[in-house]
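Q: Can we walk through this one together? I'd like to go over some local geometry and a few contacts.

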Amino acid sequence: MRTHGHQMLDDMFDHLESLRQQPVWQAPPAAARARFHAPLPLGPSPLGDVHQQFLDDILPFSSGNAHPGFMGWVQGGGTPVGMLAEMLAAGLNANLGGRNHMAIAVERQIALWMRDLFGFPETAHGLFLTGASQANFVAVLLARHRALSTAPQAPLVAYTSQAAHGCIPRAFDMAGIGAQHLRRIATDAAGRMDTDALQAAIRQDQKGGLKPFMLIGTAGTVNTGAIDDLTALAAIASEHGLYYHIDGALGALGVCAPELAPLFAGINLSDSLAFDFHKWGQVPYDAGFLLTHDGAAQKAVFANEAAYLTRAEHGLAAGDLWPCDYGPDLSRGFRALKTWFTLKVYGLDALGASMAANCRLAAGLARRIEAEPELEVLAPVSLNIVCFGVRDDASGALNGRIIEALHAAGRVAPSLTLIDGRKAIRAAIVNHRTTEADIDALIDGVLLFARQLKGPAL
Ligand SMILES: *Cc1c(COP(=O)(O)O)cnc(C)c1O
């Protein structure tokens with residue numbers, strides 16, 4: 001076991017060291033896929049054989065988000081330190097639902113650090129969840145609870161921008177409020193929520209006898225990285241007594257970089273903030289986080305008195321902080337450990353520097369595109385995301401085919417999005433390993449395939 005373990009560690013170091021020599025992505029062959037339609041194993045297999053199948057059939061066919069050429073969606077690259085911490089966490093096999101053990105103190109440590117980083121008050125609480133989708137959902141539950149405790153009969157209505165992530169309307173469905181009671185406010189030319197339109201929508205709903213109860217701002221929209229005017233939204237929320245939540249899944253940790261922090265002014269004025277360590281924080285999947293202003297109110301929503309969870313004054317069943325009292329999960333893994341290792345070993349400054357470097361690469365990419373007569377930038381670049389495409393490609397069909405060709409070639413992997421209904425190439429620079437060379441490869445690849453594909457097929 002020990003020998004195999006050391007071998008596994010070496011294999012993963014080799015894998016990480018040689019990322020640049022590997023394709024960012026390659027299609028899993030049918031034969032490898034077929035081996036995952038095997039019968040359920042009743043007896044044992046040698047560890048070495050199973051490890052070998054991992055090396056042969058799984059490792060080479062990952063989605064590629066660790067690779068420096070990966071620019072699709074918004075995905076973190078992970079780090080070797082995070083990998084090692086995951087191994088330690090799995091060895092410990094801690095359950096962070098509650099009880100009196102040190103792992104809880106590690107999660108609490110992260111919460112205290114995040115409280116200070118984001119300027120939240122002493123009363124704040126922090127909770128790991130799978131991702132921002134869950135964190136946003138929990139925030140909707142908190143807001144709903146607050147609203148129903150003051151106005152139990154009122155028909156609730158909430159506000160977010162048209163550029164908000166798809167998990168927000170889904171959270172309203174899951175919370176039983178219904179996505180039809182979430183108003184999608186128009187965005188301005190920079191992709192930020194139009195605050196005049198927001199005010200008008202709130203006033204109209206108030207006149208119609210509805211109860212506006214929640215406002216959700218976005219600190220880094222998924223499509224273009226736009227950041228709402230977080231201070232203006234705070235003032236509007238306060239004027240109308242709305243619960244104010246911010247979805248900072250991809251952007252909020254940008255406060256770690258001094259040159260980016262001013263973009264997030266007002267983030268401390270929210271009632272709650274969702275963000276993902278597994279995106280810009282480079283912590284391995286999964287590590288979502290919810291920071292709330294009022295821990296006591298959160299506990300009142302989620303704590304329950306189940307007999308089998310009875311607390312004690314002393315011993316293992318003691319402990320004044322049981323995370324299961326603050327969210328929907330009882331059994332919870334030790335996401336805090338890989339986050340703690342990442343923050344301690346690299347330090348906040350290095351993480352911030354990597355985010356600032358991503359944004360400089362994005363700005364440089366936008367300049368390169370503007371300088372290419374065949375290409376055009378399709379949305380303002382606010383942070384680390386560049387949406388662009390080939391000129392005179394009204395539907396974006398060519399952009400879609402270029403992306404597929406890039407994926408198949410395996411050097412860089414942007415993703416597809418729609419900008420004003422037109423298919424666009426979207427490069428989200430999130431990985432700390434991405435450099436100028438990868439930006440060059442993206443431009444070169446796009447131009448090459450644009451010329452090749454522009455042939456008779458169009
Ligand atoms: C990624 C993302 C989400 C969803 O977060 P998960 O961690 O994938 O659940 C929500 N909002 C925004 C803006 C995102 O970028």
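A: One cut-off to start: a residue counts as buried under 20% relative accessible area, and as exposed over 50%, with partly exposed in between. Also, this is a predicted model.

Q: Good. Is Asp-393 buried or exposed, then?
A: Asp-393 has a relative accessible area of 8%. The cut-off for buried is under 20%, so Asp-393 is buried.

Q: Where is Asp-393 found?
A: In the loop between β9 (385-390) and α13 (397-409).

Q: What does Asp-393 touch, beyond residues up to four places away in sequence?
A: Leu-398, Asn-399 and Arg-422. With Asn-399 there is also a polar pair: a polar atom of the Asp-393 side chain lies 3.0 Å from the backbone nitrogen of Asn-399.

Q: And how far apart are the C-alpha atoms of Asp-393 and Lys-454?
A: 10.0 Å. Along the chain, Asp-393 and Lys-454 are 61 residues apart.

Q: What about Asp-392, buried or exposed?
A: Exposed, because Asp-392 has 80% relative accessibility and the cut-off is over 50%. Asp-392 is also found in the loop between β9 and α13.

Q: What is phi of Asp-392?
A: Positive, at about 60 degrees, although Asp-392 is not a glycine. Arg-99 is another non-glycine residue with a positive phi, near 85 degrees.

Q: Where does Arg-99 lie?
A: In the loop between α4 and α5 (102-117). Arg-99 is partly exposed, with a relative accessible area of 26%.

Q: Backbone again. Which peptide bond is cis, going into Asp-286?
A: The one from Tyr-285 to Asp-286, with omega near -15 degrees. Asp-286 is found in the loop between β6 (272-276) and β7 (288-292).

Q: Switching to helices. At what angle do α8 and α9 pack?
A: About 15 degrees, with the axes 11 Å apart. Helix α8 covers residues 195-207 and helix α9 covers residues 230-240.

Q: So what does that make them, roughly parallel or roughly antiparallel?
A: Angles under 35 degrees count as roughly parallel, therefore α8 and α9 are roughly parallel to each other. The crossing of α8 past α9 is right-handed.

Q: Which residues make the contact?
A: From α8: Thr-195, Leu-198, Gln-199, Ile-202, Arg-203 and Gln-206. From α9: Ala-232, Leu-233, Ile-236, Glu-239 and His-240.

Q: How many of those are nonpolar, polar and charged?
A: Five nonpolar, four polar and two charged in the contact of α8 with α9.

Q: Now Thr-79. Where does Thr-79 lie?
A: In the loop between α3 (47-58) and α4. Thr-79 is buried, at 8% relative accessible area.

Q: What is Thr-79 in contact with, leaving aside neighbours within four places in sequence?
A: Gln-282, Thr-342, Tyr-346, His-432 and Arg-433. Within its own stretch of chain, the side chain of Thr-79 reaches the backbone nitrogen of Gly-82 at 2.9 Å.

Q: Last one, Leu-84. Which helix is Leu-84 found in?
A: Helix α4, residues 80-92. Leu-84 counts as partly exposed, at 28% relative accessibility.

Q: And what does Leu-84 touch, not counting residues up to four places away in sequence?
A: Leu-9 and Phe-13.

Q: How far is Leu-84 from Gln-180 in space?
A: 45 Å, C-alpha to C-alpha. In sequence, Leu-84 and Gln-180 are 96 residues apart.

Key
Residues are numbered from 1 along each chain as its sequence is written. This is a predicted model: local features need pLDDT of at least 70, side-chain atom pairs count only at pLDDT 80 or more; totals for chains, interfaces and linings use all residues. Side-chain values use heavy atoms; hydrogens and water are left out. Axes are lines fitted to C-alpha atoms, for helices over the stretch in contact, and angles run from 0 to 180 degrees between N-to-C directions. Helices (H or I, at least four residues) and strands (E, at least two) are DSSP runs, numbered from the N terminus. Angles under 35 degrees count as roughly parallel, over 145 as roughly antiparallel, 65 to 115 as roughly perpendicular and the rest as oblique. A crossing is left-handed if the near helix is turned anticlockwise from the far one by less than a right angle, and right-handed if clockwise. Contact means heavy atoms within 4.5 Å. Ala, Val, Leu, Ile, Met, Phe, Trp, Tyr, Cys and Pro count as nonpolar, Asp, Glu, Lys and Arg as charged, and the others, Gly among them, as polar. Buried means under 20% relative accessible area, exposed over 50%, partly exposed in between (1.4 Å probe, protein chains only). A polar contact is a pair of N or O atoms within 3.5 Å; within protein, one must be able to donate a hydrogen and the other to accept it, and residues adjacent in sequence count only if both atoms are side-chain atoms.
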